[in-house]
Amino acid sequence: MDVIIENLPLYWNGFLRTLFLSAVSGIFALILGTLLAAARVSPVAALRGFSTVYVEVLRNTPLTIAFFFAAVVLPRIGVKFEQFEIAAIIALSTYTAAFIAEAVRSGVNSVPVGQAEAARSIGMKFGQVLSLIILPQALRTVIPPLINILIALVKNSSVAGAFFVLELFGYGRQMANANGDAVITVLLGTAFFYLLLTVPLGILANTVERKVAIAR
Amino acid sequence: MSSVLYDVPGPKARRISLIASIVGALLILGLLAWIVMTLAQQGIFEARRWQIFTRADVWRLLGNGLGSTLAAAAIAAVIAFPLGLLLCLLRISDAAVIRVPMRVILEFLRGMPVVLMMLFILLGFGTSAFIAVVAGLVLYNAAVFAEIIRAGIQSLPRGQREAGLAIGLTSYKSRMLIELPQAIRRMMPSLVAQMVVLLKDTSLGYIVAYGELLRAVQVMADFLGTQYLFPIFFVAAAIYIAINISVSRLAVWIERRGSKKAAGGTAKAEPDVLEAAAP
């Protein structure tokens with residue numbers, strides 16, 4: 001127990017860094033993912049094709065490969081980062097956006113056909129149909145899966161710890177190496193801080209799911 | 001392709017859409033060309049950098065890495081699925097003494113990053129990297145499998161279990177003979193999608209120094225010189241993505257086949273949403 005109390009400032013720093021990485025990547029991923037979903041259902045064939053290929057490739061890329069590309073390969077071929085956080089945010093948000101795009105698309109498909117037909121019959125264009133009628137309803141139904149994706153994002157941010165970013169996992173590994181006699185305690189402490197983020201989000205997802213289910 | 005989201009395009013809209021498509025395609029091609037030019041300036045495409053692929057030992061090392069990746073994934077999947085089934089049965093047990101602690105354990109396992117679990121096993125129990133990777137994958141994925149199967153059982157009509165109990169089956173027999181077969185079939189797309197996640201997660205072995213595909217890339221780049229990093233990485237990433245896409249295609253195929261068969265009775269349990277929920 002003493003190890004955890006002694007290292008509390010390190011845990012706290014790591015926790016804040018994990019929170020920061022997850023929040024920034026989450027926001028970028030939500031925006032990019034929604035745009036990709038919109039492109040996927042748009043009338044323009046090139047956009048549909050691009051979105052399909054992007055989602056298919058990124059969803060099937062292991063996150064470690066994405067990180068390795070952003071943090072090791074990119075700098076060697078000339079794209080230099082001031083801080084590795086930027087590489088981590090690029091890897092996390094481009095990866096997560098693919099999953100968000102899929103979730104939002106399934107939400108768009110779940111909106112009753114009559115909604116889009118009604119919108120078109122009063123003369124709305126595609127952009128209006130999507131942004132005013134379909135997406136507000138679609139996003140509502142996909143909030144629970146979106147929260148689950150964000151939970152996965154928090155957990156995935158731990159991979160950044162292996163690519164030169166000192167967040168919760170990075171500090172955890174450092175402390176585990178420094179305190180060889182109390183490895184299990186140190187890592188359980190790290191796990192506790194992750195659960196501090198993921199468990200409340202999971203409860204939130206369940207609550208929202210129940211509320212939406214009642215509303216429908 | 002017509003969609004409910006927009007009117008069937010007329011001649012003018014089709015022309016605009018065609019122009020937009022061409023411009024979009026040109027933009028993407030331009031971006032690709034720019035990337036290729038930048039890479040070419042770094043000398044990435046010089047023949048000598050790619051000549052290493054004529055060497056048999058490079059392919060042998062890549063093959064070894066791929067073998068390690070697939071071995072870890074296969075062993076983890078084979079252990080995780082039955083374990084997940086068991087955890088699921090305990091999680092929905094009638095006895096609260098079993099059900100409640102099980103729920104806490106599953107929340108714990110699902111809420112932790114897999115890589116932290118691998119490191120925990122590696123350092124905490126001093127195992128080999130292989131065992132750490134497999135055990136980490138097994139623990140996490142068994143918990144996810146348990147939740148998927150539970151969702152499947154709960155999506156069944158209540159009458160299934162009631163009928164089972166009414167004809168005198170025990171609770172356990174009703175689960176095994178009536179509910180599980182339906183639940184697993186219903187959840188097949190999600191289960192296969194989770195298998196893809198498991199396969200992808202083997203790449204986390206890189207972090208705990210397990211000699212999988214990405215680690216092989218790193219080792220070769222360190223050994224042969226960093227100028228070979230890009231070619232080797234490119235080939236390894238292509239192998240990884242190709243395997244994952246094939247397994248994902250298999251999942252889609254199983255889903256289509258399942259929903260065709262299920263047209264007679266069972267409903268589909270939102271595989272889209274569930275699949276997307278487990279990156």
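## Two packed helices in chain A

In this predicted model, helix 4 (residues 63–76) and helix 5 (residues 84–110) of chain A have axes that come within 9 Å and cross at roughly 145 degrees. The crossing of helix 4 of chain A with helix 5 of chain A is right-handed. Two packed helices are described by the angle between their axes and the distance between the axes.

On the side of helix 4 of chain A, the residues that meet helix 5 are A:Leu63, A:Ala66, A:Phe67, A:Ala70, A:Ala71 and A:Leu74. Their partners in helix 5 of chain A are A:Phe84, A:Ala87, A:Ile90, A:Ala91, A:Thr94 and A:Tyr95. Sorted by class, this contact has eleven nonpolar residues, one polar residue and no charged residues.

## Chain A as a whole

Chain A has ten helices and zero strands. Along the principal axes, the C-alpha trace of chain A spans about 70 × 50 × 25 Å. Chain A has 216 residues, and 49% of them count as buried. Among contacts in chain A between residues at least 6 apart in sequence, 76% join residues at least 24 apart.

## A buried loop residue

A:Val41 lies in the loop between helix 2 (8–40) and helix 3 (45–59) of chain A. Is A:Val41 buried or exposed? A:Val41 has 22 other C-beta atoms within 10 Å, and a residue is buried if that count is 20 or more, so A:Val41 is buried.

Leaving aside residues up to four places away in sequence, A:Val41 touches A:Arg105, A:Val108, B:Ser3 and B:Leu5. A:Val41 and A:Arg105 are 64 residues apart in sequence, and the C-alpha to C-alpha distance between them is 7.9 Å.

## Chain B as a whole

Chain B has twelve helices and zero strands. The C-alpha atoms of chain B fill a box of roughly 75 × 65 × 30 Å along the principal axes. The radius of gyration of chain B is 24 Å, whereas a compact globule of 279 residues would have one near 19 Å.

Of the 279 residues in chain B, 36% are buried. Among contacts in chain B with a separation of 6 or more, 73% are between residues 24 or more positions apart.

## Where the chains meet

How many residues of chain B are in contact with chain A? There are 48 of them, in contact with 54 residues of chain A. Five helices of chain B each supply at least two residues to the side that touches chain A: helix 1 (11–41), helix 4 (96–111), helix 5 (114–124), helix 11 (229–261) and helix 12 (271–276). Helix 11 of chain B gives the most, with nine residues. By class, the side of chain B that touches chain A divides into 32 nonpolar, twelve polar and four charged residues.

## Two residues with positive phi

Most residues other than glycine have a negative phi. A:Phe164 is not a glycine, yet has a positive phi of about 70 degrees. A:Phe164 lies in the loop between helix 8 (143–156) and helix 9 (168–178) of chain A. A:Phe164 counts as partly exposed because it has 16 C-beta neighbours inside 10 Å.

In chain B, B:Ala209 has a positive phi of about 65 degrees although it is not a glycine. B:Ala209 lies in the loop between helix 9 (188–201) and helix 10 (213–224) of chain B. With 13 C-beta neighbours inside 10 Å, B:Ala209 counts as partly exposed.

Definitions and conventions. Residues numbered from 1 in each chain as written. Chains lettered and ligands numbered in written order. Predicted model: local features only at pLDDT ≥ 70, side-chain atom pairs only at ≥ 80, totals over all residues. Contact = placed C-beta atoms within 7 Å. Helix = DSSP H or I, 4+ residues; strand = E, 2+ residues; numbered from the N terminus. Nonpolar A, V, L, I, M, F, W, Y, C, P; charged D, E, K, R; others polar. Buried ≥ 20, exposed ≤ 12 C-beta atoms within 10 Å, placed from the backbone. Axes fitted to C-alpha atoms, helices over the stretch in contact; angles between N-to-C directions. Left-handed = near helix turned anticlockwise from the far one by under 90°. Rg over C-alpha atoms; globule rule 2.2 N^0.38 Å.
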